[in-house]
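Me: I have a model open and would like to talk it through slowly. Could you take me around it?

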Amino acid sequence: MATPSFPTRRRWLRQASLGAAAVAGMRSLPLRAAGAAVRAQRVHGDVWFVQGEAELGSAANRNFISNAGFVVTDQGVVVIDALGSPALAQELIEQVRSVTRQPIRHVIVTHYHADHIYGLQAFKAIGATVMAHRGALAYLNSDTARQRLAASRVELFPWIDERTELVHADRWLDGDTLLALGGERLHILHMGPAHAVEDLVVRVEHAGVLFAGDLVFRGRIPFVGQADSAQWVASLDRLMALRPRWLVPGHGPVSADAQADLQLTRDYLQHLHATMAQAAENLEPFDAAYAKADWSRFEHLPLFRAANRMNAYNTYLRLEQLGAGAAAAKP
Ligand SMILES: [Zn+2]
């Protein structure tokens, strides 16, 4: 695969505005890099993360809606997730370089959703080894993934464009894997299928930090999509048993009270499942079931309006297709 070069931010923006001129009149485009800066925050010791916005991906926020992290050791740096565009990944690389001169050796992909992987090619370009779970291959080779990228090239232009590629892992993992580097031990644990088939979490043993990927959303409603909410709940139970001191979610701020945050995501998924299972079992129409469900515990959370109804609908459809017996099984 060709390794594209990465322009400086200024050149990137100039190219972006040339692109804008080419499609002038078709749509309005951002004239500047709006939204939050990619800024490294220390989680604990040599473990850092950057926090995306609690928004849906857009050209205005450069698709900076997810978190990424990195662990610095004296034998190199391990990055967890690649952010939602090559330009953001380049900013993340600059943030790594602002805290260490160690090279970036590995990138661990928690799952292959667009907001976590469109930056991967920037890491490939500097020679990092991309690691992910083999379960992602079916999606990566699907029309859905190609269509999603094609749509993103329009919706997220200029941050996602014709040069943005779907990057495969260099090392496909089959199960739990230990990455020992410079005295630190990273336990890469397969938790899928939960949010996605290929879900990985990374437990940084000595630092006591858990990168939970999208098994945990903090401060916003999760994106459930086609996920199996019952399996997801079981995976959250496994994470709770790890008792991390610090938890970095896939979205939202770092948590020093991991158990409470794991519990909130768990409660939401269980409520979603229970409500929609009952509706599917009773052959109740979705609209009526949704209207009468009690969402009061969650409706104050950001993205409730954008995500909750879709989450409920996807869950309802999935349970209805599974049949009443499966729907009745509690997560
Ligand atoms: Zn995500």
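**A walk through the strands**

Me: Let's start with β2: which residues point one way and which the other?

Reply: From β2, Val 47 and Phe 49 point one way while Trp 48 and Val 50 point the other way, and all are buried. Buried means that 20 or more other C-beta atoms lie within 10 Å of the residue's own, exposed means 12 or fewer, and partly exposed is in between, with the C-beta atoms placed from the backbone. Helices (H or I, at least four residues) and strands (E, at least two) are DSSP runs, numbered from the N terminus.

Me: Before we go on, what sort of model is this, and how are the residues numbered?

Reply: This is a predicted model, in which local features need pLDDT of at least 70 and side-chain atom pairs count only at pLDDT 80 or more, while totals for chains, interfaces and linings use all residues. Residues are numbered from 1 along each chain as its sequence is written.

Me: OK, back to β2. How many bridges does β2 have with β3?

Reply: β2 and β3 pair in the antiparallel sense over four bridges, and Trp 48 stands opposite Phe 70 in β3. Two strands are said to pair if DSSP finds at least two bridges between them. In general, the strands of a sheet pair through backbone hydrogen bonds, either parallel or antiparallel.

Me: And what about β1 and β2?

Reply: Strand β1 (residues 41–44) pairs with β2 in the antiparallel sense over three bridges, and His 44 has Val 47 in β2 as its bridge partner. β1 and β2 form a hairpin with two residues between them, and Gly 45 in the turn has a positive phi of about 55 degrees.

Me: Which residues other than glycine have a positive phi?

Reply: Asn 63 is one of them, with a phi of about 65 degrees, and it lies in the loop between β2 (47–50) and β3 (68–73). Leu 283, with phi near 55 degrees, is also a residue other than glycine with a positive value, and its place is in the loop between α8 (258–281) and α9 (286–292).

Me: Is Asn 63 buried or exposed, and why?

Reply: Asn 63 counts as buried because it has 28 C-beta neighbours inside 10 Å. Leu 283 counts as exposed, because it has 8 such neighbours inside 10 Å.

Me: Changing topic: what is the strand order in the open sheet of five strands?

Reply: The order is β8-β9-β10-β11-β12, with mixed pairing. The edge strands, each pairing on one side only, are β8 (177–181) and β12 (246–251). The twist averages 25 degrees from one strand to the next, where axes are lines fitted to C-alpha atoms (for helices over the stretch in contact) and angles run from 0 to 180 degrees between N-to-C directions.

Me: How do β11 and β12 run, parallel or antiparallel?

Reply: They run parallel and are joined by five bridges, with Val 248 in β12 as the bridge partner of Phe 211. In β12, six of its six residues are buried.

Me: Which helix lies across β10 and β11?

Reply: That is helix α7 (residues 229–242), which runs at about 160 degrees to β11. α8 packs on the sheet too, touching β11 and β12, and its direction makes about 20 degrees with that of β11; residues are in contact if their C-beta atoms, placed from the backbone, lie within 7 Å.

Me: Last one: where are the cis peptide bonds?

Reply: One joins Phe 157 and Pro 158, with omega about 5 degrees, and another runs from Gly 192 to Pro 193, with omega near -5 degrees.

Key
Two residues are in contact if their C-beta atoms, placed from the backbone, lie within 7 Å.
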